[in-house]
Every structure is written in structure tokens, then in C-alpha cells.
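Please look through the sequence and the model shown here before reading the briefing. The points after it are grouped by topic for a reader who is new to this structure.

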Amino acid sequence: MNSQEIFSLALGLESPWELKEIKLEDGEDGKALHIHIGFIRGSKFADESGVLHGAHDTVSRTWRHLNFFEHKCYLHCEVPRIRPKAGKVSQVSVPWARKGSGFTLLFEAFSMTLIEAEMPVNKVGETVEEYPNRIWTVFNHWLKVAYSEADHSGIKELGVDETSEKKGHKYITIGVDMETRRVIHATKGKGAETIAKIREHLENKGSRAEDIERVCIDLSPAFISGVTKEFENASITFDRFHVKKLLNDAMDEVRKQQRWEHEILKGHKYTFLKGNNKLTTRQRIERNELIELLPVLGEAYRLKILFDDFWEMEDALEAEAFLTFWCDLAVEAKIHPFIKFVNTLKSHWTGIVNYIESNLSNGILEGINSKIQLAKRRARGYRNTENFINMIYLIAGKLKFDYPL
């Protein structure tokens, strides 16, 4: 078997394509392997309707292929063009590359494999010695193909949250299928209009808005407005962790107010925010001494701890009665930050109580958001919003790719 036969087998060339010539030539970047491919004279090629036509003329094309050892490798071909009757001249598709690409399918698959292995796109470009923008073009093509083919039908439970795109209050809103824990849609912004875009995507994919039974969101007025309008049949569950954060903010505000009067509270910001299991023995002793010494701080801390019982309840009526009881205690304590928190609870009462039956929380979304932000830091940010959104789909969309392996 000679070298041409070996390369033909390696490239998977089949009739009417044939290998014409192989050259190892010097170039600006050192030696490069140039493989020239042609087609058997008299061959016919199918048009879009499957009708066979002889070659009308040819056009020269070149594709970057996988390296041959340490040398860059290029495929060259005089690609035939056909002219159907009463039709325009069109270029024949070649089996080793997709239309419009300057790379072979195997080169694109290799680049995508590196990206899937969490290598930043700019680093992939450096590794394969190509401009990053060309690799981004490859990446975005395959993401769009995989995303368009993804099955987002039959979704019943939806989670919505925002993630930061870049500094300066730039956000991306993501919609998550809570059952499969995958991002189904991402869109720029964090207003009510983002919910409409999520609905539009779902309906295009076969998930009717009226079939969405539950939606988990934070207490954002824009999200509340959007979900109420776009998913009328869905019950809203407000994110447990967002509610707990607001309670912790109230607790910290009490500490700050007490700190102005009591120097002893210096350095104890997290003493009243962390759980017992995250405090050292010394910190627990100091906390217990402080809540005994400072009655207002102690009462606030007891209310904070008592509220956690709500999340463990299984009966909605019992949970609602407990929440009413807790609000009365907080109001009677006359601690302003906690009274403010009570007003927030009452304004979002149903969505908070709904947690007892739905058990939905944005913990899933927080986990996804952590992965997204890690990828953003690794890539040192994304200048292009489309690139960032497509990277979100790669990280958390659980997509299936159909490029050569």
C-alpha cells in the first residue's frame, strides 16, 4: 500500500473523490502538508432534488485539517459546480467539510472536544494556531445546531434566575427545566420581557404556556409581573434561599445598629449569620454570651432561628399558621428591620407558602450559576453576548452534538 492509498483511507475518500497529490512544503510557519483532492472525470453529482448533473465548472477551495505530526495540514480541491435546468449554478457539497467552513469536519470536532473539556475558546485558538474568532464561529455553529434539535417539550416546572454577564449591571436571564436540571433558554436582560422570550421559546419547542404548572423565581417585581402575565396557570414559588437572604439582611441590620452602641460586637458580622455547624466552639460561646448580654440582638437572633422551622414543615395549613404566629412575634418585638421583613413576607405570602407543597428552590439554578461564573472567570469574561449565551448552553444545556467523533 503506497502513501496515497494510506491517506485516502485515513481521509475516508470514496468515489467519485480521489487523492491527486501530497506535498510537504515550506511556508511562513514552517513545513505544512498539502493534500490535493479531485474527482473522477465524467462523474455526476446530485442537486437538492436528487437529480444527477455533470460538472458545469469548478472552484478552488482549501480547508485546514488536523495536524500531520507537528505540521499543519491543508486539503485542496477543485470543487465541481452544477447547473440544474433553469436553475442557478451551485457548488457541490464535499463529505469532509460543511458548507461555508474553512475547516474540515474532523478539525472542527477536535476544536469542539477541547472546548467541551472546559478549555477557554481563546486558549483553543492558541493551541490549534488559529484566530480565536474563527474558533468562536465553529463553536457557535455547532451550538446552534444542537440547541435547535434539543427537546424542550412537556416541561411542567420552570425555574428563572439571572446571572451577571459583565460588570455594570449587565445580566442574562436563564430559564431552567427544574425536573431535568438543564438550561432551556437564556436571554439578555432581567426584566419582565425576558419571561415573554422564555415563553416564546417553550411554545416553539412544544411546551404550551398553559401546561406550565409551577414556576420558581426570586422576589424580583419584574419576574413576578412577567410570570403572572405569561404563565397564567402556574403557581409561583418564591425561592427559599432568597427569602432566607432577606432574613439574614434583617439580622445583620440589627447587628449594625447595636454595633454603634456596643463596641463588644466588633468583628462579629458572621457570628449571627452562620449556622452552628459552621462556627467554632469559641464562636458559639461568644454568640451565646452576646445574645444574653444584648436583649434586642438576642431577640432578633431567636426570631431568625425560629423561622427556619417553617422550611421543614410538610402541611401547608400548618406552615401558614406558623408563619402568621412568627409574624406576630416579630411585630411585637418592635425590631424595625424584622418588621420590614414581615411586610415583605405579607406582600409575597402565597408564593412563600407554596414552597411547602412544591419544594422548589433556586438551589438548582445557583449551582448552574456557579458553573457559569467559573467559566466566565476562566475565560476572563465574554465581550460578545451571543458567545456567552452559547457557552451557557454548553455548560448547562445538556445538549447532544452530532459532529464527527
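The briefing covers strand pairing first, then a second sheet, and then the cysteines.

This is a predicted model, in which local features need pLDDT of at least 70 and side-chain atom pairs count only at pLDDT 80 or more, while totals for chains, interfaces and linings use all residues. Residues are numbered from 1 along each chain as its sequence is written, and side-chain values use heavy atoms, with hydrogens and water left out.

**Strand E2 and its partners**

- Helices (H or I, at least four residues) and strands (E, at least two) are DSSP runs numbered from the N terminus, and two strands count as paired if DSSP finds at least two bridges between them.
- Strand E1, residues 17-27, pairs with E2 in the antiparallel sense over 10 bridges, and the two form a hairpin with two residues between them.
- Within this pairing, Asp26 has Lys31 in E2 as its bridge partner.
- E2 also pairs with strand E6, residues 71-82, but here in the parallel sense and over six bridges; in this pairing Ile37 stands opposite Cys77 in E6.
- Strand E2, residues 30-39, is mostly covered, since seven of its 10 residues are buried, where buried means under 20% relative accessible area, exposed means over 50%, and partly exposed lies in between (1.4 Å probe, protein chains only).

**A five-strand open sheet**

- Five strands form an open sheet with mixed pairing, in the order E10-E9-E8-E11-E12.
- Strand E10 (182-188) and strand E12 (235-238) stand at the edges with a single partner strand each, so one side of each is left without a neighbour in the sheet.
- Neighbouring strands of this sheet are turned against each other by 25° on average, direction ignored, with axes taken as lines fitted to C-alpha atoms (for helices over the stretch in contact) and angles running from 0 to 180 degrees between N-to-C directions.
- Strand E9, residues 170-177, runs antiparallel to E10 and is joined to E10 by six bridges, and the bridge partner of Thr173 in E10 is Thr187.

**Cysteines**

- The structure holds zero disulfides, a disulfide being a pair of cysteine sulfur atoms within 2.5 Å.
- Cys77 is in no disulfide, and the nearest cysteine sulfur, that of Cys73, is 14 Å away; Cys77 counts as buried because its relative accessibility is 2%.
- The sulfur of Cys327 is too far for a bond, because the closest cysteine sulfur, in Cys216, is 20 Å away, and Cys327 is buried, with a relative accessible area of 2%.
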